Amino acid sequence: MMFRHRFDLPLVEDATGRFLIWIMAVMVYLGIVALAGALVLAGMASRWENGLTGRLTVQISPQPDTPGRGSDPEMVAPLVQRTEVALALLRATPGVLRAEPVTAATTHKLLEPWLGTALLDDLPLPALIDVQVAPGSDPEVPALADRLARSVAGAHLDNHAAWLDDLRRLARTVQLVALAVVVLVGTAALVAVVFAVRTGLAIHSPVVELLHIMGASDRYVARQFQAHVVGLALRGGMVGLALGLATLGLLDRATGEAAAGMLPVMALPPPQWLALPAVPLVAAALAAVTARWTVLRVLAALP
Amino acid sequence: MIRFDNIGLRYGSGPEVLSRVNFTLKPGSFHFLTGASGAGKSSLLRLMYLGLRPTSGTITLFGRDVATLKRADLPALRRQMGVVFQDFRLLDHLSALDNVALPLRMAGTAEAEIREHVVELLEWVGLGAHLEAKPPTLSGGQQQRVAIARSVINRPRLLLADEPTGNVDDSIGMRLLYLFEELNKLGTTVMIATHNEGLISRFPHPRLHLDRGTLTVIPAEASVAAAMTAVASGLPAVLAGSLTGGGWPP
């Protein structure tokens with residue numbers, strides 16, 4: 001074809017182009033991993049918080065005087081009785097929607113991954129009551145805890161507030177770190193684009209000057225660099241995306257196998273997987289804007 | 001068309017390259033720019049095609065004071081000029097076709113129209129068989145024709161040529177001057193910088209002579225009028241409005 005697409009500037013022959021592809025590939029890869037990490041953690045924190053918000057747990061120690069030591073079958077009956085008393089007290093408390101004992105089988109299942117089955121049978125386990133509070137109601141937790149402690153020996157009320165606070169703080173911190181990584185990686189990529197464009201302008205300054213003299217507007221020249229840089233950024237971005245998706249796929253598989261009871265679910269939900277291809281597109285768009293800005297700034301010095 | 005009033009030019013803090021230069025090129029005029037090497041011819045041409053800003057004085061181009069123009073207005077003015085460089089300054093990675101098409105692409109002309117005009121002009125200058133050839137594969141004379149085709153493809157109002165005959169023998173130099181005269185007859189104002197006195201003496205056009213940065217206007221000599229009888233025949237439609245036959249002189 002006689003008039004195929006071509007650049008007035010011989011940019012495709014530049015070595016800086018090859019270097020920019022790999023820079024963008026690495027940057028997009030790191031950006032995708034950081035973004036996926038932040039999304040996974042946000043999802044985990046959200047699931048935990050949703051699961052715990054409006055929930056209280058009452059724990060009744062099997063041996064109130066020496067909790068957690070030894071095993072005394074004589075204490076089983078009192079534990080059941082104390083659990084009944086606690087249940088009655090809780091169900092009579094305004095704002096409590098539901099109070100149900102956690103069965104021994106469920107408690108065993110929760111502890112099994114950590115302690116194994118053999119040891120569990122020998123341990124005196126506390127009785128647990130799962131309490132659901134009506135949405136919008138706000139029972140006085142300290143007062144309820146005090147009443148429980150006075151009425152039921154060995155009873156302890158936990159509203160998970162401290163744990164939730166820790167979780168929120170952890171999630172925020174990791175998200176900030178991920179954001180910082182994305183910003184740093186993005187900044188490094190844009191600096192690389194500025195460097196590549198400035199190098200291209202320096203290498204091809206005779207051609208740029210010629211186009212300028214012939215009446216090419218700054219935008220005409222900038223478009224050439226912009227199109228070239230977008231092409232490189234997209235090629236690099238696709239490599240980074242492929243590597244990033246492969247890495248996340250491997251991690252997803254590995255955590256899925258290890259998560260059986262030990263680890264929380266760390267997989268990205270499908271809609272968030274679909275968001276990842278946006279990373280190279282955003283990177284290419286930012287590269288285009290940066291290339292254009294750089295060229296226009298440099299050309300502004302020409303007469 | 002173009003007017004220089006008391007133009008002075010120096011590079012940085014160096015000596016003055018041009019000093020109090022005054023001249024006017026009327027629309028449709030033809031001038032030679034002469035002077036020894038280092039006299040300031042190229043600097044004067046650069047000022048004319050807005051590749052430089054004068055240190056002092058006023059340049060009026062197409063009726064507008066260049067100093068008062070916004071930078072964004074300059075590309076449109078530059079596109080009304082064609083420039084032939086001594087070293088051609090072709091883009092080696094582009095074909096002859098794409099080199100000549102550059103000014104039209106910059107002006108936003110449709111591709112179909114570009115192709116039609118460029119092919120026609122290249123055929124007229126005898127390069128119809130080299131449309132896809134890259135400049136490094138062309139001879140010096142062929143490159144020069146590509147450079148000239150590029151400078152005239154958009155029918156410029158002002159054509160500036162810097163030593164266009166510097167790299168060719170006299171017969172080709174003559175052909176080039178005939179071509180420039182044909183363009184001049186169509187209304188293009190022409191200024192040719194050269195030191196080829198033998199060639200100039202055969203064409204009856206005034207000279208602007210530079211000597212150590214100072215310009216003198218020398219009127220045309222009637223004695224060379226006879227040299228005009230061999231003017232080349234018609235131009236392609238892209239330049240003349242209709243294809244009149246002929247072509248690059250044999």
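This is a predicted model: local features need pLDDT of at least 70, side-chain atom pairs count only at pLDDT 80 or more; totals for chains, interfaces and linings use all residues.
**A walk through chains A and B**

As for labels, residues are numbered from 1 along each chain as its sequence is written, while chains are lettered from A and ligands numbered from 1 in the order in which they are written.

Chain A has 303 residues, and 29% of them count as buried. Buried here means 20 or more other C-beta atoms within 10 Å of the residue's own; 12 or fewer makes a residue exposed, anything in between is partly exposed, and C-beta atoms are placed from the backbone. Now for contacts: two residues are in contact if their C-beta atoms, placed from the backbone, lie within 7 Å. Among the contacts in chain A with a separation of 6 or more, 86% come from residues 24 or more positions apart.

Take A:Met44, which you'll find in helix α1 (residues 15-52) of chain A. A:Met44 is partly exposed because it has 19 other C-beta atoms within 10 Å. Its C-alpha atom is separated by 30 Å from that of A:Ala189, 145 residues apart along the chain.

Next, where the two chains meet. Chain B puts 20 residues into the contact and chain A puts in 14 residues. On the side of chain B that touches chain A, the elements giving two or more residues are α2 (74-78), α3 (96-106) and α4 (111-124) of chain B. α3(B) gives the most, with 5 residues. That side of chain B divides into 11 nonpolar, 2 polar and 7 charged residues (Ala, Val, Leu, Ile, Met, Phe, Trp, Tyr, Cys and Pro count as nonpolar, Asp, Glu, Lys and Arg as charged, and the others, Gly among them, as polar).

Finally, look at some strands in chain B. Strands pair if DSSP finds at least two bridges between them. β3 (residues 30-35) and β9 (residues 207-211) of chain B pair in the parallel sense over 4 bridges, with B:Phe32 opposite B:Arg207 in β9(B). β9(B) also runs antiparallel to β10 (residues 214-218) of chain B, joined by 5 bridges, and here B:Asp211 stands opposite B:Thr214. β9(B) and β10(B) form a hairpin with 2 residues between them, and B:Arg212 in the turn has a positive phi of about 50 degrees.
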